Structure formats: C-alpha cells, structure tokens
Amino acid sequence: MKYVDEFRDGDAARRYAAAIARITTRPWTLMEICGGQTHSILRHGLDRLLPEGVALLHGPGCPVCVTSEEAVDRAIAIATEPGVVFCSFGDMLRVPGTNTSLLGAKSRGADVRMVYSPLDALDLARRHPDREIVFFAIGFETTAPATAMAVAQAERDGIRNFSLLVSHVLVPPAIAALLSAPDNRVQGFLAAGHVCTVMGYRDYQPLAARYQVPIVVTGFEPLDLLQGIYLCIRQLEEGRAEVQNQYSRSVRLDGNRAARELIALVFTVQPQHWRGLGEIAESGLGLAPRYRRFDALTRFAKIGLPPTSPNECIAGEILRGRKTPDACPAFGTRCTPERPLGATMVSSEGACAAYYRYRRRAAAEPTTPSISETCR
Amino acid sequence: MTEPSPDVPGFPFACPMPVEPGDAIQLAHGGGGLLTRKLIDGLFRPAFAARPEELTHDGAVVEIGGARLAFSTDSYVVRPLFFPGGDIGSLAVNGTVNDLAMCGATPLYLSAGLVLEEGFPIADLRRVVESMRRAAVKAGVRLITGDTKVVERGKGDGLYVATSGIGVVAPEVAVGPSRVRPGDKVLLSGDIGRHGIAIMSAREGLGFETAIESDCAPLGRSVAALLRLGADIHCLRDLTRGGLATALIEIAETAAVTIRLDEARVPISAPVRGAAEILGLDPLYIANEGRFVAFVPESAADGALAILRGEAAGAEATVIGTVESPSPAGALIAHTIGGERALGFLTGEQLPRIC
C-alpha cells in the first residue's frame, strides 16, 4: 500500500539503524512526544535496533492519558444526568475516573455513545432536539479543529441542545514544562507529525533555541521514526539545536492555515490540568467568550463530583519520561487493560498499553485444558 | 465473593466468578475477548460442563446411535441489519453453518428463532427471510423449524435472530486443537478483515471511497473438499469475532504450542488495509464471516492449498504460519523489523483511535 509499505521496509530500516550507529559516539536520551509514535516503536521493535546508550523516553502525547481524572469524573457525572446523550471518542470510554469509567456508566444505564467526530455528535443534536447532546472534546491540536468546526456549525445553525466538555491540550507548553523540570533528562525531541500538520512548527523554534534542544518533526512509520532519530542524534553530535522537519510529506512550516484560524476563532488559550503532570500555564484550550453557551461546564454547573482517592498509578512518572511502564510494580498484575489503574494502560496510544501489548512475557497466561471431541 | 447455590439436589452450583457489588454486564462481555472468556470459564462452564473439554467452543460433537452429530447455536444482533455484502439473515445462516463446518461436519439442518420488535417493517422481515432462504440453498442446508416472538417497541433493536444447526461428522474425521502438532502448517482460506470494516463503515457512515463488502459466506463446501484429505486435517477454525489473531492464540494455548505467524503473507485487500490504518485498527483482530484457518502437516500443505485455491473466494489462500514447540515468548509470535513480538488477546473490541 502506497505511503505505508515503503516506510516499513525492513532492509531500509536496518540500513538506517546502521547509519544511526555510525554517527553515535556517546549516549543520548530522546523523547518521542506522540503516543502513536510510541506504539509504532514498540510494535516494530525499533528501539531494539538502536545503538546501546541511545534511549527513547515515551512522552505525554496520548490525548486520553493526559486528560485529568477530574475531567473524566465530570464527564461521567454529566453522562448520568437525565436526558443527556454523552458522546466521546471510543478510546476515552474505558478510562477510569475515581469510581468508574464512561463504559461503566453506560452499563448502568447512561446513554453514552462512541462517535468518530464531534460533527457526528452535532448531527445527533440535530436529529434529537428533545435530548441534550454533550461531546467530550479531548485531544491535542490534531482534534481541536474538528471540535472548533462543530462549535462554529452549532452557532451558525442555532442548535441549542449541544454542548461540549472541553479538555483540549497543546504540545509546545508541555515540552517547555518537561524541559524546565530540574531533573529533566531529555536531550532531543521527536515532535508529533500530526500535530505539526495542523499547527506547523514555528512555535517549536523558540523552544529549541531557549532550551538548546534539537526538535525533529517526525512521522509515525518505522522509517520516519528512524530518520527522525538519525536527524536528532546528528544535531546532538554536531552540537546543534534546531527544528528540523522529517515529516515533510505532510508538514509545512505554517501548518494548515484554515484549521489554525478556526482554532483561533473558537478557543482561547488557558491553563490546563494534565493528568500526571499537573497544571501547565497556557497549555489548554477553552471556548472563547462568544461560544461560552456551548460550554458543558456552564450548562451542568451544579453537578457534584466524587471525592478523589489516592491511586498507585505512576502515569505521571511515565508521562514525564522518568520511568518506563515495566518499572511499575502494578504493571501487568494489578493494572491491566481490563482493569486499568490509569489511562496510560487504556488508550491505544498509551505507553503502558503499548508495553502490555508488545512487550509482556506471555508465560504467565493461563492455558485452557486440552480437549478431545470438540470442534474448536 | 462466592455465592452458595440454593439447595438443588444433584446440582451443586457455586459461582467462582468474583461478583463485586454493583458489577454489571458490559458490552465487552460479548466482545469475544478476555471478559467473554471470564464469563464462560467463570460462570457457564462450572454450571453446565460435565467434563473439562465441554463448552470450550462454538460447537460440540456428540455420538447418538452410532452417528456422530455436530451441534451448534449462535445469536445475531448485528447493527445495521443490512450491510454491504450481507445482512442479519445471511449472517445467521452462514454463521451456524460455518460453526458446524469447523467441527468437520457436513451441515444439514438449521432452526431459527426470530425476536421482532413491535413496529418492525414487514418488508424488512421479508428481505431478511428471503436472504436466509438463499443462504440456506447456497450452503446446502434446510431450515426445518423455528420460533417467532414479538417484544414491545423499545425493548428490542428491530430484529434479533438465533440459529441452531446440526450436521453429520464422518467417522474418519477428527479435527480439534488437541491434534495440532509442532511442524504443522497454518493455511488461511482468503483475505481478512472485510466483514468488520464493512460493518463499521455501514454503522458509522464512514463513507470510504471504495465500498468494502463483507466476506460473509458458507464454508461447508471448502471444508468438505479439504476433508477429503482425511486425517491430515488437524484443526479448523473460522475467524469471526476477534479475528485471525484471537483464533490462532486460542488454538495455540489449547494445543500448548507456539504459532509463528508470517504476518507479511496474510492477505489483506488494499481498501481494508487503508481503512484499518485510518481507524487505527489491527486487521489481525478484525472479524471475518467467511474465512478460516486449517492446520495440516507440512507433507499435506501443498495439496490442501491447491484444494482451497480451487474453491470460491479461495484464490488468495496461502500458508501464513508454522506450529512450533511451546515457547516462553508467547502463544503467537510475529516478526517485526527489530525482532519479534508476541500477540495477545485484546481486552474488548478494538476502538478507533482519536488522532
């Protein structure tokens, strides 16, 4: 398949790995931002191709993982309100809040629906004027344009039974927060290709300059990632700290102008609480004053939230790149995709889920007894 | 918590499944993954299975008066009722026909139970019934008994169909995971992933440029052709819920072997690959309704492959893996660029990614 097969070629990948080994003279620690990149690295075993001493830390770029527990609790509380149809991306449904998940709420009678796009939720609102449709707007700059489009269309069409629980987050402030931490180990970044497809990469240039780190905008296929790693290490070896664009078949310096303009119109930048990372200034998007009437926070201002309880999940350490999932004592035992302690074990982009899926020893799996006279 | 059963003589039933207060059935309990397994192993088998091998699978073979009969039952709750390449009627016939075929049986007779919701259009029912009739003719089976129930509006989802079927198993046929041996080749009967993608795109109105049709089809004839090889057919399995990977892991675990999968040889059509890439789904776990794997010794692999390729929709049949001695690395192993990876059960249904 075009744009896929040629970027998964094993021989080319090994040639790239050899090229990385040739230019690497000392240990380097890089972080891939996006959870999609983390999964690709583990699925294809790319980390095993790298020279000893080159470490990949898995970044906070999983939209589900960084959505705060409070936001999930609020989502569940709103979903259980009478008359509400609560719409969410599928990935978000299994994420545990304090007591349960959206799927748990659904099994107890809440009308929770999986949608592919906020526009599908808006469509539900058009078709069911007697119901209150709420969309859980999460994700990075990649999903924000579609949310913005839904809000703009809802305003244009005068739709009143539609609101959004907005928990959108922005990548550059998170990178700055990681780099400002006193115990930061990250020496170079692979920025997320899809985020930059929307936003471009101008915002990353001051970060590279200020913190003296190379940032390489990188795609998601094996060869993209290896090339991104190569470019990043080459900069480090040469003492440079620039923004480079590996994913040039998709990313332009200024990104997608129409999408950016829509984001700027519908949202304002605000402080945001990240699960595991805490509050980061100017790292979230909220609805601009003109669109506040679509804000589920105002529409459901009176709902109560459960008191939070301590959790042994170390997602914060993982999202900061301080620990890998297999270093968690609960990994694969008390915490599994079935009964997750944290979002990183749930999402298809979560680092713990990636380790569970691609790196877990299967020896502990129970086997069923052998059978004789049955068919399957 | 284990609840002792009320005193019923001869029925010592204690539920070993930890039932937490407030726990309820979730959709994933029907998804074919770990939760489904827990329900079967924790609740159904302790209640009904007299021997450990019973109730492990979609069909059973019993001996009655010297004849070996395969018996299977399945319920169909697909939404939408009509989808590219099939509908709930053809699915209900082919699904049970295929469960019987996977027992090594020649499917013969089916029953059908229809649960209709008040207000369901008769015209739609007519379409479904006609589709069932055609599917039965094509599969060479007869629908000989049935039942109809109507539930109040709002208490059903239009139409549910349950079918049961019986077939006869020839004396020399013995298929099952316990016959799988290291050295066996794994044959796949055609390309995978079409049914799941067709349903998802019809259900969610994804509107791909290329229409992807379900592979829904009866497998009885292909299996009958294969079974002419007799004892060399070690195991058969259709690739429904959970897809190819789940089927292979289940067989490998039951047979206590490791299957090495040659992922690059698994045929997947370009539209299915494209859709799966866009949605972030792994085609190895996507449901099929007209595909199966056969385990045969290496010496019989070429012959079996020639038979499969001669059958309808079998042009892409191919060898996709080899059975090995059990490895601590896992039940199902695939190669990757950087080494190998173990494939495991998915927790619930695959959900599309966010970005």
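Is B:Asp41 buried, partly exposed or exposed? With a relative accessible area of 34%, B:Asp41 is partly exposed; buried here means under 20% relative accessible area, exposed means over 50%, and partly exposed lies in between (1.4 Å probe, protein chains only). The legends below take up this residue and several other close-ups.

This is a predicted model, in which local features need pLDDT of at least 70 and side-chain atom pairs count only at pLDDT 80 or more, while totals for chains, interfaces and linings use all residues. Residues are numbered from 1 along each chain as its sequence is written, chains are lettered from A and ligands numbered from 1 in the order in which they are written, and side-chain values use heavy atoms, with hydrogens and water left out.

View 1. The side chains of B:Asp41 and B:Arg45 meet in a salt bridge at 3.3 Å, N to O (a side-chain nitrogen of Lys or Arg within 4 Å of a carboxyl oxygen of Asp or Glu). Both sit in helix α1 (residues 34-48) of chain B, and because they are four residues apart, about one helical turn separates them. Helices (H or I, at least four residues) and strands (E, at least two) are DSSP runs, numbered from the N terminus. B:Arg45 counts as buried at 12% relative accessibility, whereas B:Asp41 is partly exposed.

**View 2. Salt bridges in chain A.** Over all chains, the structure holds 34 salt bridges. One of them joins A:Glu221 and A:Arg8, at 2.5 Å from N to O. A:Glu221 lies in the loop between β8 (215-218) and α11 (222-238) of chain A and A:Arg8 in the segment before α1 (10-23) of chain A, so the pair ties together parts that are 213 residues apart in sequence. A:Glu221 is buried, at 11% relative accessible area, and A:Arg8 is partly exposed, at 22%.

A:Asp11 and A:Arg14 form another salt bridge, with their closest N and O atoms 3.5 Å apart. These two residues are three apart in helix α1 of chain A, which means that about one helical turn separates them. Both partners are partly exposed: A:Asp11 has a relative accessible area of 49% and A:Arg14 one of 41%. Elsewhere in the view, a network of salt bridges links A:Asp123, A:Arg126, A:Arg127, A:Arg156 and A:Asp157.

**View 3. The five-stranded sheet of chain B.** The strands of this open sheet follow the order β1-β2-β7-β5-β6, with mixed pairing. Its edge strands are β1 and β6 (142-151) of chain B, each pairing on one side only. From one strand to the next, the twist averages 20°. Helix α2 (residues 88-101) of chain B packs on the sheet, where it touches β2, β5 and β7 of chain B, and its direction makes about 145° with that of β2(B). Contact means heavy atoms within 4.5 Å; axes are lines fitted to C-alpha atoms, for helices over the stretch in contact, with angles from 0 to 180 degrees between N-to-C directions.

**View 4. Strand partners in that sheet.** Strands β1 (residues 59-64) and β2 (residues 67-76) of chain B run antiparallel and are joined by six bridges; two strands pair if DSSP finds at least two bridges between them. B:Gly59 has B:Ser72 in β2(B) as its bridge partner. Two residues lie between the strands of this β1(B) and β2(B) hairpin, where B:Gly65 takes a positive phi near 55°. β2(B) also pairs in the antiparallel sense with β7 (residues 159-169) of chain B, over eight bridges, and there B:Thr73 has B:Ser164 as its partner in β7(B). By contrast, β5 (residues 105-117) of chain B and β6(B) pair in the parallel sense over nine bridges, with B:Tyr109 opposite B:Arg142 in β6(B).

View 5. An automatic or database domain assignment gives domain 1 (58-169) and domain 2 (177-342) in chain B.
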